Structure formats: C-alpha cells, structure tokens
Amino acid sequence: MADLDNDGWPDIFVATGSVYPEVEARWPDYPLKTPRLIYRNLGNGKFEELIEEAGPGIGAAHCSRGCAFGDFDNDGDVDIVVVNLNEPPSLLRNDLRGDRNWMKVRLVGTKTNRSAIGSKVLARYGGKSRRKA
C-alpha cells in the first residue's frame, strides 16, 4: 500500500503471477503471467480498480514476485519497482498531473547521529496526519 495519487489515502498495488509454470500447460485459464492490479482509495472505505487508466505497465502480463515503492525520479510522486521471474525488473514511473501536493524532507541529525537514522516525521494536513519512521 502506498499513496500513488498524492491524495492522502493509501492505495493498493498487487504484483501478481502464478507460482508453477506447469499449471498453465494443463489449465490455460490459470496463466503464469498476469496483469498487475492497482486500486485507488476513494477515502470512504471503498477502492476503485484501475487498469487502463494506470497505463500499460500495469496491464501488461508478467510473472511478478514483489515490489518496492519510492520516488525514484524525485518528482514528488511514488514510483514502483517490480521484481519479475526470469526477466528484468520493471520500473513503473508514476507521472501525476494536476495540483496534488507533496513535501520533501531532509533530515540531518545533530552530534553523533548525523544521518538522522531512526528519526520520525509527523505531518499534519487537512485534518489528517501521516507518520513516517
């Protein structure tokens, strides 16, 4: 889960793919490679599935095993790196448009902990709060 659209609500991303390649040969309805899944949090306890709106990186079939979230291109939105079985990893760049806000924080420790390791950040905005450790 990560806030993929910078609206303050955590969205869901699922890296998918079958575990056994032999299954597809016997049962074609259960392919080895499948599209990834992404769900937008509507903020009211409900989620909306996005496939075509999310772009070809989501809808393309891969045998994915895991993912990591981060702002890899340093533009204020969360990008995704996906580990795939028997193929290179996928970098899914998130290019948000519109007036979504974001904040970049650089932590610098004092005295002995100059890298601010173990620091916590609490941000309060619009009646919500977000804590990162």
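User: Is Phe13 buried, partly exposed or exposed in relative accessibility?
Analyst: The model is a predicted one. Phe13 has a relative accessibility of 7%. The limit for burial is under 20% relative accessible area, so Phe13 counts as buried.

User: Which geometry does the pair of rings of Phe13 and Phe69 have?
Analyst: The structure holds one aromatic pair. Its rings, those of Phe13 and Phe69, have centres 6.3 Å apart, and the angle between their planes is 90 degrees. Planes over 60 degrees apart fall in one class, so the pair of Phe13 and Phe69 is edge-to-face.

User: How many residues apart in sequence are the parts that the pair of Phe13 and Phe69 ties together?
Analyst: Phe13 belongs to strand E1, residues 12–14, while Phe69 belongs to strand E4, residues 64–70. The pair therefore ties together parts whose separation in sequence, in residues, is 56.

User: How is Phe69 classed by its relative accessible area?
Analyst: Phe69 has a relative accessible area of 31%. Buried residues lie under 20% and exposed ones over 50%. The value of 31% lies in between, so Phe69 is classed as partly exposed.

User: What is the order of the open sheet that contains E1?
Analyst: Three strands with antiparallel pairing form this open sheet. Its edge strands are E1 and strand E3 (47–49), each of which pairs on one side only. Neighbouring strands are turned against each other by 20 degrees on average, direction ignored. The strand order is E1-E2-E3.

User: Which residue in E2 is the bridge partner of Val14?
Analyst: E1 is joined to strand E2, residues 37–41, by three bridges, and the two run antiparallel. Within E2, the bridge partner of Val14 is Leu37.

User: Which residue in E5 stands opposite Ala68?
Analyst: Six bridges connect E4 with strand E5, residues 79–84, and these strands run antiparallel. In E5, the residue opposite Ala68 is Val81.

User: What is the area of the nonpolar surface patch made by Met103, Val105 and Leu107?
Analyst: Met103 is found in the loop between strand E6 (90–92) and strand E7 (121–125). Its relative accessibility is 56%, so Met103 counts as exposed. Together with Val105 and Leu107, Met103 makes a nonpolar surface patch of about 280 Å².

User: How far apart in space are Arg97 and Asp77, C-alpha to C-alpha?
Analyst: Arg97 is found in the loop between E6 and E7. With a relative accessible area of 77%, Arg97 is exposed. Arg97 and Asp77 are 20 residues apart in sequence. Their distance in space, C-alpha to C-alpha, is 10.0 Å.

User: How far apart in space are Ala133 and Lys120, C-alpha to C-alpha?
Analyst: Ala133 is placed in the segment after strand E8 (128–132). Ala133 is exposed, with a relative accessible area of 81%. Ala133 and Lys120 are 13 residues apart in sequence. In space, their C-alpha to C-alpha distance is 4.4 Å.

Technical notes: Residues numbered from 1 in each chain as written. Predicted model: local features only at pLDDT ≥ 70, side-chain atom pairs only at ≥ 80, totals over all residues. Heavy atoms only, no water. Phe/Tyr/Trp six-rings, centres within 6.5 Å; stacked < 30°, edge-to-face > 60°. Helix = DSSP H or I, 4+ residues; strand = E, 2+ residues; numbered from the N terminus. Buried < 20%, exposed > 50% of the residue type's maximum accessible area, 1.4 Å probe, protein only. Patch = residues over 30% accessible without salt bridge, like charges linked within 9 Å, V, L, I, M, F, W, Y side chains within 5 Å. Areas by Shrake-Rupley, 256 points an atom, 1.4 Å probe, with all protein chains shown as cover. Salt bridge = Lys/Arg side-chain N within 4 Å of Asp/Glu carboxyl O. Pairing = 2+ DSSP bridges. Axes fitted to C-alpha atoms, helices over the stretch in contact; angles between N-to-C directions.
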